[in-house]
Amino acid sequence: MIYQLVYASTARKVMSEEALFELLNKARENNEKLQITGFLVYHSAVFLQYLEGPETAVKTLFDKICQDTRHSACTILLESSSDQRIAEQWSMAYKKIDEIKPELMQKLVEITAAYQDKQDMSDRDKIMDLLRRFRLQL
Ligand SMILES: Cc1cc2nc3c(=O)[nH]c(=O)nc-3n(C[C@H](O)[C@H](O)[C@H](O)COP(=O)(O)O)c2cc1C
């Protein structure tokens, strides 16, 4: 079984493209070795990241990511497991937010807004639906 984790966090300062790509290069290098795949969305200083892979590896990586001073307030939105990966081709995909289709963008805004408002984010189906749609655009 593949363990799946989605979390949101807040960037401590605005991330430049360059800083984001530096982060992604390191993430891709590490994730490949750990058999972790996923994707990262960055919008209005909010990170939304999806990680999937062996449970211990994902949990250990998540603990490490949470210690990273580039962001704070890591909040798990979803933990689940599946027999199939959603992001099998990507050690860590990243999409510029302005390249994302409007209807998906709408969903993303809803989720990040709900996160910022600290609403109940336990709606698993909504998040999984978002992830699947996001995947189709990568
Ligand atoms: C929003 C965010 C997402 C990150 N995602 C990953 C990731 O998927 N994989 C990873 O190895 N590091 C990720 N990092 C970086 C880690 O926090 C850490 O800096 C990095 O893993 C250190 O790698 P090293 O031990 O090889 O130097 C992320 C950091 C932030 C702020």
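## Finding the way around

Author: Going along the sequence, the chain reads β-α-β-β-α-β-β-α-α. Helices (H or I, at least four residues) and strands (E, at least two) are DSSP runs, numbered from the N terminus. Residues are numbered from 1 along each chain as its sequence is written. This is a predicted model, where local features need pLDDT of at least 70, side-chain atom pairs count only at pLDDT 80 or more, and totals for chains, interfaces and linings use all residues.

Reader: In what order do the strands sit in the sheet?

Author: Two strands pair if DSSP finds at least two bridges between them. The sheet is open, with five strands and mixed pairing. Its edges are S4 (71-82) and S5 (93-94), each pairing on one side only. The order across is S4-S1-S3-S2-S5.

Reader: How many bridges join S1 to S3?

Author: Strands of a sheet pair through backbone hydrogen bonds, either parallel or antiparallel. S1 and S3 run antiparallel, and Val6 has Tyr50 in S3 as its bridge partner. The number of bridges joining S1 to S3 is eight.

Reader: And which residue in S4 stands opposite Ile2?

Author: S1 and S4 pair in the antiparallel sense, over nine bridges. The residue in S4 opposite Ile2 is Ser82.

Reader: What is the bridge partner of Tyr42 in S3?

Author: Strand S2 (residues 37-43) pairs with S3 in the antiparallel sense, over seven bridges. In S3, Tyr42 has as its partner Phe47.

Reader: At about what angle does H2 run to S3?

Author: Axes are lines fitted to C-alpha atoms, for helices over the stretch in contact, and angles run from 0 to 180 degrees between N-to-C directions. H2 lies across strand S1 (2-11), S3 and S4. Its angle to S3 is about 155°.

Reader: Now the ligand. Which helix gives the largest share of the shell around it?

Author: A residue is near a molecule or strand if its C-beta atom, placed from the backbone, lies within 6 Å of it. There are 16 residues around the ligand, and Ala27, Asn30, Phe47, Asp68 and Arg70 are the closest. Helix H1 (17-34), strand S3 (46-53) and helix H2 (55-66) each supply at least two residues of the shell. The largest share, five residues, comes from H1.

Reader: Is His71 buried or exposed?

Author: His71 is in strand S4. A residue is buried if 20 or more other C-beta atoms lie within 10 Å of its own, exposed if 12 or fewer, and partly exposed in between, with C-beta atoms placed from the backbone. His71 has 21 C-beta neighbours inside 10 Å, so it counts as buried.

Reader: How far apart in space are His71 and Thr10?

Author: Two residues are in contact if their C-beta atoms, placed from the backbone, lie within 7 Å. Beyond its neighbours within four places in sequence, His71 is in contact with Ser9, Thr10, Ala11, Arg12 and Phe47. His71 and Thr10 are 61 residues apart in sequence, yet their C-alpha to C-alpha distance is 5.3 Å.
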